[in-house]
Amino acid sequence: MNSIMDIIDGLTAWVGLPEWLQSWVHAGSFNLILVIVITVPLMVAVAYLTFAERKIIGYMQARIGPNRVGPRGWLQPIADAIKLMFKEIILPTNANKFLFIIAPILSIGPALAAWAVIPFDDGLVLANVDASLLYILALTSVGVYGVIIAGWASNSKYAFLGAMRSAAQIVSYEIAMGFALVGVLMAAGSLNLHDIVIAQSGNFTDWYIWPLLPLFFVYFISGVAETNRAPFDVAEGESEIVAGFHVEYSGMTFAVFFLAEYANIILISALTAIMFLGGWHPIWDIAPFNWIPNIVWLLGKIAFFAFFFLWFRATFPRYRYDQIMRLGWKVLIPVTLVWIIFMGSAMYLTPYGDYFH
Amino acid sequence: MNFEQLLFFIFAATLVFAATMVITIRNPVKAALFLVLAFFNAAALWLLLEAEFLAITLVLVYVGAVMVLFLFVVMMLDINLVKLREGFGEYLPIGGLVGVLLLLEMSIILSDNLFGLERMPEPAGHDAAYSNTRELGRLLYTFYVYPFEIAALILVVAIIAAISLTMRKRKTTKHQNPGEQIKVQAKDRLRIIKMPSERRP
């Protein structure tokens with residue numbers, strides 16, 4: 001890292017840039033390198049999550065899944081990427097060209113930007129923002145614009161229906177998600193993701209999944225709904241509205257939507273791991289477990305939750321639209337409200353308050 | 001000009017541009033999207049003022065929820081734009097007069113001798129441990145607790161009023177009752193008849 005920065009500094013000095021511009025280039029390239037260090041492995045993980053999905057669902061349905069490209073199908077995602085890159089991007093007639101192109105970008109941008117505040121290890125975070133929990137919540141809520149704009153700009157009835165469904169669904173589940181995060185905030189006494197993980201240090205009994213068990217379920221279910229994944233994938237709903245909001249998209253624009261969906265899966269898994277499963281902390285803080293590097297623990301927990309997303313898709317049938325709304329408003333939100341009140345009273349009125357911290 | 005000032009001018013210029021587009025652009029969906037851009041830039045300006053809680057809450061509430069519902073409604077409306085722009089010239093003198101008056105009043109109040117840089121000294125910087133969110137919460141739940149609670153109560157009343165105004169039950173809608181659906185048992189839907197087997201003729 002330092003040697004790369006030295007090379008960049010040497011280059012700017014050699015070109016003869018003015019002093020202030022040199023410092024800007026220094027700061028900019030330093031952050032850019034950090035962003036690349038996070039984004040490139042994330043993109044590889046996204047590519048192989050699609051492969052994992054096809055394989056896992058394949059085995060769950062007693063099939064083999066993709067096994068033609070490369071040894072045991074391991075080069076399949078690369079083949080898919082190359083295929084999608086060479087496909088033509090078709091603009092529908094009377095579509096709004098600018099919004100049609102910008103919609104996939106708007107859906108992947110927040111999914112990547114949220115990784116800026118994810119702590120991978122003690123001190124290993126791109127930006128240790130104080131209100132990082134709020135930042136995450138704000139960014140995940142902005143992701144819906146990609147879907148809505150795509151549905152509207154496509155000038156297609158099916159896409160529009162998908163966008164409308166997605167908008168209503170995401171706005172409803174965001175409230176439950178926000179309330180679940182309020183519980184985490186109350187337990188940790190901080191909005192900083194790093195502090196939240198630190199507050200859960202110790203063994204697996206110190207993780208927030210135990211005092212916040214109902215909120216954990218609410219958060220994870222809302223997370224599945226927020227990513228528009230099965231069983232809440234009414235925005236796509238292949239059997240009802242073909243492919244929903246991205247029915248008119250082809251080639252790379254479609255691929256970007258696809259990447260955004262899987263990046264969101266990994267993001268929600270990471271957040272669940274950080275807020276409820278102790279982030280980078282090992283199960284037990286004793287010899288064989290804490291030999292494994294912390295980051296491996298975090299990645300393992302992320303993979304564990306990502307597996308759940310694939311499992312759900314293979315298991316559950318799609319919810320009907322009114323059932324989704326009912327679950328969000330009449331089940332999940334009351335559960336979170338009751339648990340928040342219960343937690344608050346237990347923390348300040350009973351001697352068992354420590355259990356929730 | 002330092003970096004912060006440069007950022008301020010970029011965000012402020014984009015904010016003014018986006019706000020102008022909201023009221024001049026013909027397409028209502030695009031106008032709503034420009035309003036989203038305006039909110040984002042306002043949030044960025046707040047971030048420059050070290051008010052990160054307000055900035056992120058602005059994005060969370062207005063961009064993430066309010067504008068989504070706005071777009072939802074605007075996209076479904078079939079607005080006749082030509083009709084909407086009728087009578088523009090008719091209202092221009094009155095509207096222009098109000099606008100000029102507003103501008104004058106604001107320039108009197110926000111002039112240099114009241115809000116100038118000498119009047120408003122630069123606030124002292126905060127140390128790294130300072131948490132904007134924590135300070136806001138502490139003030140809101142201690143010093144301003146009654147106004148806060150009253151505001152919350154008014155909002156609840158408004159929500160209930162809005163729901164009760166728009167809620168109407170139509171007899172003709174074919175909506176399902178999930179409770180009844182769950183209560184249904186196999187014997188309500190299915191009748192198994194025992195029949196003696198018959199010999200083939």
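Modeller: Here is a walk through the salt bridges, followed by a helix, a loop residue and the contact between the chains. Keep in mind that this is a predicted model.

Let's start with the count: over all chains, the structure holds 6 salt bridges.

Why does A:Glu53 count as buried? Its relative accessibility is 3%, and the cut-off for buried is under 20%. A:Arg313, with a relative accessible area of 38%, is partly exposed.

Now look at A:Arg318, which forms a salt bridge with A:Asp233, the closest N and O atoms being 2.9 Å apart. A:Arg318 is in the loop between α13 and α14 (321-349) of chain A, and A:Asp233 is in the loop between α9 and α10, so this pair ties together parts 85 residues apart in sequence. A:Arg318 counts as partly exposed at 25% relative accessibility, whereas A:Asp233 is buried at 9% relative accessible area.

Next, a helix. α11 of chain A covers residues 251-276, 26 residues in total, and spans 38 Å from its first C-alpha to its last, close to the 38 Å expected at 1.5 Å a residue. Of those 26 residues, 21 are buried, so α11(A) is largely enclosed by the rest of the structure. After α11(A) comes A:Gly278, with a positive phi near 70°.

One loop residue is worth a stop as well. A:Ser156 sits between α6 (144-153) and α7 (157-188) of chain A, and at 12% relative accessibility it counts as buried. Leaving aside residues up to four places away in sequence, A:Ser156 touches A:Gly151, A:Val247 and A:Glu248.

Finally, the contact between the chains. It takes 29 residues from chain B and 27 residues from chain A. Together the two chains bury about 2400 Å², with 75% of that on carbon and sulfur atoms. On the chain B side, B:Ile56, B:Leu60 and B:Met75 supply 24% of the area that chain B buries against chain A, more than any other three residues. You'll find 0 salt bridges between chain B and chain A, but 2 residue pairs are in polar contact across the interface. Several helices of chain B each give at least two residues to the side touching chain A: α1 (3-24), α2 (28-48), α3 (52-76), α7 (132-142) and α9 (178-183). The largest share, 15 residues, comes from α3(B). Sorted by class, that side of chain B has 19 nonpolar, 7 polar and 3 charged residues.

Notes. Residues numbered from 1 in each chain as written. Chains lettered and ligands numbered in written order. Predicted model: local features only at pLDDT ≥ 70, side-chain atom pairs only at ≥ 80, totals over all residues. Heavy atoms only, no water. Contact = heavy atoms within 4.5 Å. Buried area = accessible area lost by both parts, 1.4 Å probe. Salt bridge = Lys/Arg side-chain N within 4 Å of Asp/Glu carboxyl O. Polar contact = N/O pair within 3.5 Å; in protein donor to acceptor, adjacent residues only side chain to side chain. Helix = DSSP H or I, 4+ residues; strand = E, 2+ residues; numbered from the N terminus. Nonpolar A, V, L, I, M, F, W, Y, C, P; charged D, E, K, R; others polar. Buried < 20%, exposed > 50% of the residue type's maximum accessible area, 1.4 Å probe, protein only. Expected span 1.5 Å × (residues − 1).
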